[in-house]
Amino acid sequence: MAVIAGLLFLAFAYFLVGQAALTRNGAQTAADAAALAAAQDARDQLRDGWLAVILDPDQWDGFLKGRSYSEGQACGRAAEFASRNEARFSGGGCVSLATGEPGFRVTVMTTGGEPRQATASAEAVIEPLCSYAEPEPSPDPPTSPPSSTSPTPTPSPGGDGDKPDEEGPLVGLTCDGEPWVIEPDSPILPSAADLFRVRLSD
């Protein structure tokens, strides 16, 4: 009987240890998913904001550097993903990274109830991949003084005057080390994944 009781106790102990490990893994999965969801939502916000000012490169900086997004909206997305994984915010909940780089730290607790509760945290980083540098203006071509023997040009009859130059391509954008030229007539624009890399922090 003593041997049987000992075996039963060991089996029960192993069950509890396994259950605790499973609960901890579930909490970490929920934290990872929530942190990534917040970062991806912020990344999408950044691209949408950048597209809204695409014709004004002077306003690109805040978006390309990952600063212009709504933290509340991104954390709302994180809460949704935590709930999908049977967890809720705990402790600090969802906050921007203390390092100042774009990203989020999320802390969650599983909702299984005692003793099936565990807390875990995860950090997701938004890495900007693109930068913009205003191109140097082209030097003006040298002009020669008018010749005294040169005939005076005669305007053509019925002319409407000179037409303004068509808007040229937007240059100066570099993504992951490669220049990206945006043609106004048929623009091919970087996707959110081209602009930013989202990953869990080490």
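## The E5–E6 hairpin

Cys-175 has Glu-178 in E6 as its bridge partner. This pair belongs to a predicted model. E5 and E6 form a hairpin, with 2 residues between the strands. Asp-176 sits in the turn and has a positive phi of about 55°. The two strands run antiparallel and are joined by 4 bridges.

In general, strands of a sheet pair through backbone hydrogen bonds, either parallel or antiparallel.

Where does Glu-183 lie? Its place is the loop between E6 and helix H4 (192-195). Glu-183 is partly exposed, at 37% relative accessibility. Val-171 is 12 residues away from Glu-183 in sequence. In space, the C-alpha atoms of Glu-183 and Val-171 are 8.9 Å apart.

## Overall build

The protein chain holds 4 helices and 7 strands. Along the sequence, the pattern reads α-α-α-β-β-β-β-β-β-α-β. The chain has 202 residues, and 30% of them count as buried.

Take the contacts in the chain with a separation of 6 or more: residues 24 or more positions apart account for 62% of them.

## The nonpolar core

How many residues make up the largest nonpolar core? The count is 38. Trp-50, Trp-60, Phe-104 and Leu-173 have the most contacts inside this core. Helices and strands both contribute: H1, helix H2 (61-64) and helix H3 (71-84) each supply at least two residues. So do strand E1 (87-96), strand E2 (103-110), strand E3 (119-128), strand E5 (170-175) and strand E7 (196-200). H1 gives the most, with 10 residues. In soluble globular proteins, nonpolar side chains tend to be buried together.

Arg-47 lies in helix H1 (residues 2-52). Arg-47 is buried, yet it has no salt bridge. Which side chain of opposite charge is nearest to Arg-47? That is Asp-48, at 4.9 Å.

What does Arg-47 touch, leaving aside its neighbours within four places in sequence? The contacts are Leu-189, Pro-190, Ser-191, Ala-192 and Leu-195.

## Salt bridges

The whole structure has 8 salt bridges. One of them joins the side chains of Arg-67 and Asp-61, at 2.9 Å from N to O. Arg-67 is exposed, with a relative accessible area of 52%. Asp-61 is partly exposed, at 36%. Asp-61, Lys-65 and Arg-67 are linked in a network of salt bridges.

Two further pairs link strands. Glu-123 forms a salt bridge with Arg-105, and their closest N and O atoms are 3.2 Å apart. Glu-123 is in strand E3 and Arg-105 in strand E2, so this pair ties together parts that are 18 residues apart in sequence. Both residues count as partly exposed: Glu-123 at 29% relative accessibility, Arg-105 at 36%. Glu-127 forms a salt bridge with Arg-197, with the closest N and O atoms 2.8 Å apart. Here Glu-127 is in strand E3 and Arg-197 in strand E7, so the pair ties together parts that are 70 residues apart in sequence. Arg-197 is partly exposed, at 38% relative accessibility.

Terms used: Residues are numbered from 1 along each chain as its sequence is written. This is a predicted model: local features need pLDDT of at least 70, side-chain atom pairs count only at pLDDT 80 or more; totals for chains, interfaces and linings use all residues. Side-chain values use heavy atoms; hydrogens and water are left out. Buried means under 20% relative accessible area, exposed over 50%, partly exposed in between (1.4 Å probe, protein chains only). Lys and Arg count as positive and Asp and Glu as negative; His and the chain ends are not counted. A salt bridge is a side-chain nitrogen of Lys or Arg within 4 Å of a carboxyl oxygen of Asp or Glu. Contact means heavy atoms within 4.5 Å. A nonpolar core is a set of buried Ala, Val, Leu, Ile, Met, Phe, Trp, Tyr and Cys residues joined through side-chain atoms within 4.5 Å. Two strands pair if DSSP finds at least two bridges between them.
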